[in-house]
Amino acid sequence: MAETPRSPDVAIHLETKESFPPAMSNNSTLRPSLMGSSFDLPTPGIDRTPPTEHDESFCSHLMKKFWEPPVLRQIWGVKQKVDKVTWFELFYDLIYVGLAINLSTFLKKKNDLEGILVTFLYFSVLFYMWQSLNILSTRFNTKDIFSTCVYFSYSLSVLAISIYCLDGLKRKQEVSWAQVAAKIALSLIYLQIRFQVPRAREFAKYAVTGNALSACVFVGAAFTPSKLWASMLWLFGGYVVEFVWIHFSYSDPRASIPLNIEHTTERFGLFIMLVLGESIVAIVTDANGLTGVNDWLIAIFGFATVFACKTIYFEAQPHEPKEHALKRSSFTGRLYVYLHIPLGTALIGVGTGIKLLKSHANKKPVVKFDYFLFSYSLVLFLIMANAFRLIHSFESRNKMIWIFRIISVSILGILPGLVPDPPASSPTVVVFYCVWTCALALVDVIATKEEEEDEGMTLNTAPLPKKETKIRNLMNSKIAAFRTPSNQLQPPSFKSRRRTVDSTEFRVLQRAERMKRLDSVAMI
């Protein structure tokens with residue numbers, strides 16, 4: 001049989017697939033005709049590709065949404081990116097606002113040493129629960145329905161403990177079972193990670209084992225009749241067991257996964273802001289109209305004290321991740337995490353002290369417990385804030401400023417012991433400690449090294465546009481101030497005012513790009 005002649009165009013198409021138009025070369029193929037004498041060229045615009053196995057059905061799409069693999073935020077050797085806090089984390093943190101309010105209410109009713117110890121115990125328990133979820137969220141990003149449901153159940157456990165803390169240790173059995181439920185929820189998430197994230201399988205194995213052991217310890221606490229032993233088992237299962245499995249996971253190179261430093265510091269900053277919010281709630285909700293001068297003095301200076309505490313805490317943190325304690329070593333990183341326990345408890349004591357002093361505003365002399373709680377809580381907070389400065393690797397430390405801090409904290413700490421029965425009233429105590437705290441905050445602000453700014457992105461000295469220029473043209477135009485250092489920006493001359501701002505800046509940018517292309521051609 002003689003070979004069927006082919007046209008030149010068909011020969012070209014057979015030799016090079018790139019000669020087809022894009023739509024034809026990607027979605028079509030050449031097929032012999034039914035007569036066998038020639039080839040049928042694909043009809044342009046008609047996709048004759050049979051359906052593939054990759055076409056997702058509704059069921060597969062739903063299954064993917066329900067059971068989607070978690071995503072690692074970072075691994076060793078790769079530059080970390082700045083991950084924003086998720087909406088769930090912000091919503092979850094709202095529970096701790098209620099926790100701080102309930103602990104303050106409990107401490108106000110149980111104003112003795114036992115009340116202080118129980119408050120510290122509950123804050124420690126709920127802090128490790130917050131940190132347990134933080135260990136997961138700073139390493140993995142989850143978006144599927146399964147993890148959302150598990151997070152919701154974990155949040156219910158934290159919510160239950162926040163409610164039970166109002167009764168002290170009377171509900172220790174319910175608190176123990178709530179912690180068991182929380183550990184089971186975390187184990188389910190880590191099991192999902194073990195099955196779906198190959199790089200994190202070893203880490204998930206340690207995490208599942210550690211959370212299962214903690215759950216067993218909390219089951220033992222639920223059946224323990226002694227309140228003391230139950231409290232010790234809570235702390236052992238929450239801190240000791242978790243510390244051990246985290247340590248072993250870091251020691252194993254196959255299981256070691258770094259945390260995101262900027263995400264972690266932002267989470268701790270939000271946590272402290274929530275605890276400080278309890279003091280603001282105490283000042284606002286217990287105002288009762290602020291009928292007297294003493295009420296107004298305590299409200300104003302108490303708010304100034306809380307504001308100074310906020311400033312002191314955030315000024316104690318470095319601006320660069322390379323100077324942070326989490327980056328310095330594993331020991332300083334653990335200190336950074338666990339120092340938040342006494343610091344957060346101290347802030348709850350400050351808020352409760354302000355609430356008690358405001359309730360006894362017209363009593364003279366001041367009530368002893370109110371005086372001691374407010375003063376010593378503030379001193380403990382200042383000590384912890386300075387401890388944060390020591391574990392961070394700041395480039396320079398001013399000795400005179402540190403001497404002033406040490407002397408100030410020593411005076412504030414010794415004063416309640418020297419004057420156990422102050423003749424002054426509640427407003428005097430609040431004003432005195434507020435002045436000292438504000439002075440320390442002012443010193444910290446002055447001593448803080450300023451961040452280096454990019455001069456090329458400074459818009460403070462950008463040229464003013466013409467008055468008749470439309471706002472829409474300004475929004476669509478390319479501002480030359482982003483590419484020109486601020487010290488080289490000059491106000492528009494008289495001649496340039498005759499032209500429109502958009503056309504002038506467009507010509508400048510167009511000329512610069514043309515020169516850049518010419519330079520690249522010359523280099524080639």
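**Exercise 1.** Determine how much space lies in the largest cavity of this predicted model, and which residues line the largest cavity.

*Solution.* Step 1: the largest cavity holds about 50 Å³ of space. On a 1 Å grid over the protein atoms alone, a cavity is a set of points where a 1.4 Å probe fits but cannot get out, and lining residues have an atom within 4 Å of a point. Grid points are joined across faces, edges and corners, and the volume is the space filled by probe spheres set on the points.

Step 1: the lining consists of I312, L382, A385, N386, R389, R405, V409, L440 and D444. Two or more of these residues come from each of helix 15 (368-391), helix 16 (399-418) and helix 17 (426-447); helices are DSSP runs (H or I, at least four residues), numbered from the N terminus. Helix 15 contributes the most, with four residues.

**Exercise 2.** Identify the buried residues of helix 11 and what covers them.

*Solution.* Step 1: buried means under 20% relative accessible area (1.4 Å probe, protein chains only). Among the buried residues of helix 11 are D295, I298, G302, I312 and Y313.

Step 1: their cover includes helix 10 (261-285), helix 13 (330-338), helix 14 (340-359), helix 15 and helix 17.

**Basis of the values.** Residues are numbered from 1 along each chain as its sequence is written, and side-chain values use heavy atoms, with hydrogens and water left out.

Key
This is a predicted model: local features need pLDDT of at least 70, side-chain atom pairs count only at pLDDT 80 or more; totals for chains, interfaces and linings use all residues. On a 1 Å grid over the protein atoms alone, a cavity is a set of points where a 1.4 Å probe fits but cannot get out, and a pocket is an open set with protein on both sides within 12 Å along at least five of seven lines; lining residues have an atom within 4 Å of a point. Buried means under 20% relative accessible area, exposed over 50%, partly exposed in between (1.4 Å probe, protein chains only). Contact means heavy atoms within 4.5 Å.
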